[in-house]
Amino acid sequence: MSDSNVIDERLNSGYDAGFITDIEMQTFDPGLDENVIRKISAKKNEPKFMLEWRLNAYRQWLAMERPSWAHVNYPEIDFNAIAYYSSPKSQEDAPKSLAEVDPELLRTYEKLGIPLHEQEALAGVAVDIVFDSVSIITTFKEKLAESGVIFCSLSEAVINHPELIKKYLGSVVPINDNFYAALNCAVFSDGSFVYIPKGVRCPMELSTYFRINEMNTGQFERTLIIADEGSYVSYLEGCTAPSRDENQLHGAVVELVALKGAQIKYSTVQNWYPGDADGKGGIYNFVTKRGICHRDAKISWTQVETGSAITWKYPSVILLGDNSVGEFYSVALTRNAQQADTGTKMIHLGRNTRSTIISKGISAGKGSNSYRGLVNISPKAQGARNFTQCDSLLIGDKCAAHTFPYIVSKNPSAIVEHEATTSKVSEDQLFLCQQRGIDPEKAVSMIVNGFCKSVFKELPMEFAVEAGKLLEVSLEGSVG
Amino acid sequence: MNNLTSITTDFTHGHQAHKNPWLKSVRDAARSRLKGLKLPTQKTEDWKYLKLEKLLVNEQLEAQSVRELHAKSADDIDKLLAQSLISGLDGYRLVFVNGVFVSKLSHINSTPYSVLFSEANPAQQALIVAHLDTSHNYYNDYFSSLNSAQLEDGLLIHIPQDCIVDKPFYIVNLTIGERPKANMMRLLIIAERGSKATLIEHEDAPLKHAGMVNTVIECFVNDKAHLIHNRIQLDESVTSLCSHRVKQGRSSIYQQHQISLASKLKRNDITVSLQGEYGRTDIRGTFCARHQQTIDTHTCTEHIAPNCSSNEVFRGLVDNQANAVFNGRIHIHPNAQKTLAELSNKNLLLSDLATINTKPELEIYADDVKCSHGATVGQIDSESLFYLQSRGIPRGEAKRLLSLAFIAEVVDQLGENSVRDFVTQRLSSLFTSLQYEGAN
Amino acid sequence: MLKITNLTAKVYGKEILKGLNIEVKPGEVHAIMGPNGSGKSTLSNVLAGRDKYAATDGRIIFAGKDLLSLEPEDRAREGIFLAFQYPVEIPGVSNLEFLKTSLECLHTYQNKPLLSAVEFMKLAREKCALVDLNTDFLKRGVNEGFSGGEKKRNEIMQMLMLEPKLCLLDETDSGLDIDALKVVADGINALRSPERSFILITHYQRLLDYVQPDFVHVLADGQIVKSGGSELALELEEKGYGWLDSGTEQSASPLKV
């Protein structure tokens, strides 16, 4: 058994989350113009300021060009062929409690391994559920409210906390930041909102689970997390979608605000449908994620990216305040015809700011995996420090791995270090494992997990195990 | 700015009466390429850190004509040479002034294997035309096309099969005279199978006159050939653009040492393509930028054949308000299995106002390869500085010593003693003039 | 236990083993010696089932089974252990994780009860001590950054953990100083039992000073050209391989270290 055979065979594995939920939906006709935006805004009973914000973004978007610099190839997207709003009919009158939620929806999440009944739910994890364009339910809301934590859908926040929305929405990612962010500002339908009051350590893990179900729809959600002075929150998002032959667009925006001394830990396990072995179907995942750190604050991004046909995302940190810390830990796996262009930007503005970037790219099959990162040390970032480590693991001879690190330093007291390596799962390694009685399939996943260890240890405990399993499933196949 | 575009248009119409009509096909091909090209802007990825339009204002991109040079007095040149040449270097000396060959200063009759394009015999002419502009893809390469479009003359060095050249070729290119027109240097080096040669290129501006050089160097290192290429750019007053391309055959070795002082604008594009198995590339370079200077080094190692290795080390020193750019790309093509490729770029920022942009890139399409790259930006190690100070060495002098030590790894590897001594002395005097008191 | 009959094998298309015969009974220790290029390492790789080491003729019967039809991992599960000449590094996978997975695979196959985490740790610590490895080694990546001697001791440590039926040691003694050599020899001797057999592949006599073999074979040009008792090794030590005059490409190679 040669190792290339072993690997070829493991490349054709299933996608567990690929089922479709059969439920009555209410979906806008495809197409995008100002009327569609007005309709979305009206659907959500938004105040006037929100509608104007959306229209402003839309007008700017019209003048923008689709970015072409990323190392990914995909056909021109027809933005008029996408439906921009889709929600289960049963959500018409927002359910107040789980008892009012359509049981078919609950079953969907049970199948995905996310029980929503609070008594059954993972202890200590509150979940906001976003199904196509709308938030279905948020669990543990009352319990969180006891400590002053606000965790709700963004639509609710627009109505109930307009002062926070006005102040912070678009404050980290401006509406004209980039093509896909501007589109999101115009048409976003829902998302999660988190506010942690001063000095509060959020008593449980918060999480949002995104699910795309309906055909021909795009999912454009936003997440806004505000951690007030001295507070702490750990947040996790997960994503899945049915296996469909068409490509679907997911264009999210995530904004994090860590005020003085606050800490935000944001973890992503992204498992959107990646398309089939020939590259048919799959989600186009064009996401803008950015956080801003005030003095002594810390933002840590951890991502495990195994899904999507195309991934285009660069979770970034603006290190505005002195002594603030930014971290980025990433595992990105591409196989079949998946393409990923992902990395981070660490913008050092304050003094003694520190950033760490650990990126592990795994390419298999015909997958293409690019790390693209920017470390920017501004003239005022006295004593800034960055360490970057980018490792690529190649499995098979048809895949590709790229590294594009941009380093800009304008301060002599700053120290920036970047290292990158590539390696493969070697025949010798596989043979050593086999000689010790370990079958090749287990050996490959053990080696890949070993390669990713330094990132997995950054995930919250419950999810580290999940991520390891996800990677295993993604690499799974039968060995003859 | 507009004058640049107008000049370009002129070239493409080809109004000048050129010598050497047998080069017309090369010029014509370049002109038609130029029609599809524009002066790069910051939106062009490979030029994003340079404000070219600003940097090239008042620069001449039009070639100096041979007649103009000969009108100038050559009397002073003798004196200048005494100061600017590497003394003690026993080599075949070929001297160019403002891009034009000056035979009385060169050992043209005793220099083997070399000929000016203008003096090439028909067989050599055929060889030249068959090689020029064939080592690389030209899409998007504006300045080298400009060079080819105005090509009048150049130097061919052609090392025959299995020939080991006894002495280095010492090629000097001096810029003198205030604001002469652009100096379009063109070098073509063909090392045939199994041959070995050393090249020392020395660019200087002894009177610190401003000027503009647009150089194209093409090296063909054929199977089992070994070419050692030392390039010393000390012309701080000269705006310089250089496109340097190397094509390597099976089991060939190409070693380059590059020492570059920045100027108002200095840009070096080095592309090496390893097209035969078991080829080896070694590049050691250093760049030093100070005052308001800019230096931009782009390297690209194309691993096309399997079993090749490449190793690249660049060290940068950036002081005052200078701006340095380094972009090192390793590209492993799908068939290039068993490649070993390494790249390292380390930089010292010596002042609050200096900037370094570095981007080491890996692009890999084969799995059984070992590639690594690293880049660092930092300052002089405070421990070392303190150690020197504690032994009574003043802070400024300590910094000078440590800066020199930082680039010593590269300088020390210059093979010829006389060249190494010459460069060390020039670098050392350069750093004496640096104002360290202001920096911390 | 192991019977090799008329084995021929090719490596990358080149015939290396040319009709090799050997029989190993339970409890026996066999030493296979021979000059460089005689096929010693090929034999161990063919036995363990490494890809590109293809047996082209002959039979290998191990514990009543046709060994050549088994995948490498199944050979290991049947009880063949190869101590590698050049153990490979697996960064990120800790020795602990690696050994635990390996042991579980073996025990599952052999229908033995699995060890609890506590039992496993106790065993691993014990075996580490036997080969003079600090238990910190268990947390480090497999062979990652180990010195040559540490890698070899790690191989012996794994052998002690897995308790194989047949231990193949491929030049485990090469590159070891005398102290490390003793540690390796002690490890081997600790495992000697009436049910367990050993094949020591070595270029030199010196390991055999510490591990007394029952049989010594000389492999030259892909065949066993001479067999004898432990005295044969001493004779080789004294005279070199030249006197065998087997027509190999190697002339007498010096045996002094």
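## Around A:A258

A:A258 touches A:A227, A:Q263, A:I264, A:G291, A:I292, A:C293, A:H294, A:A297, A:K298 and A:I299, leaving aside residues up to four places away in sequence. This is a predicted model.

## The largest nonpolar core

Where does A:A258 belong? A:A258 is a member of the largest nonpolar core, which has 321 residues. Five members touch the most other members: A:V194, A:A227, A:A258, B:I189 and C:L168.

Domain 1 (3-380) and domain 2 (381-432) of chain B both give residues to the core, so the core lies between them. In soluble globular proteins, nonpolar side chains tend to be buried together.

Now look at strand 13 of chain B, residues 280-289. Is this strand mostly covered or mostly uncovered? Mostly covered: eight of its ten residues are buried.

Strand 13 of chain B has parallel pairings with two strands. Nine bridges join strand 13 to strand 11 of chain B, residues 253-261. One bridge pair here is B:Q255 with B:D282, the latter in strand 13. Ten bridges join strand 13 to strand 15 of chain B, residues 309-318. There, B:A289 has B:V318 of strand 15 as its bridge partner. Strands of a sheet pair through backbone hydrogen bonds, either parallel or antiparallel.

## An antiparallel sheet in chain C

Chain C holds an open sheet of four strands. Their order is 2-1-4-5, and the pairing is antiparallel. Strand 2 (14-24) and strand 5 (65-66) of chain C stand at the edges. Each has a single partner strand, so one side of each is left without a neighbour in the sheet.

Strand 1 (residues 2-11) and strand 4 (residues 53-62) of chain C pair over eight bridges. Find C:I4 to see one of these pairings: its bridge partner in strand 4 is C:I60.

## Where chain C meets chain A

How many residues of chain C are in contact with chain A? The count is 23, and they contact 20 residues of chain A. Helix 2 (72-78), strand 7 (90-94) and helix 3 (95-109) of chain C each supply at least two residues of this side. Helix 3 gives the most, with five residues.

What kinds of residue make up this side of chain C? They divide into 13 nonpolar, five polar and five charged.

How values were computed. Residues numbered from 1 in each chain as written. Chains lettered and ligands numbered in written order. Predicted model: local features only at pLDDT ≥ 70, side-chain atom pairs only at ≥ 80, totals over all residues. Buried ≥ 20, exposed ≤ 12 C-beta atoms within 10 Å, placed from the backbone. Pairing = 2+ DSSP bridges. Contact = placed C-beta atoms within 7 Å. Nonpolar A, V, L, I, M, F, W, Y, C, P; charged D, E, K, R; others polar. Core = buried A, V, L, I, M, F, W, Y, C linked by C-beta atoms within 7 Å. Domains from an automatic or database assignment.
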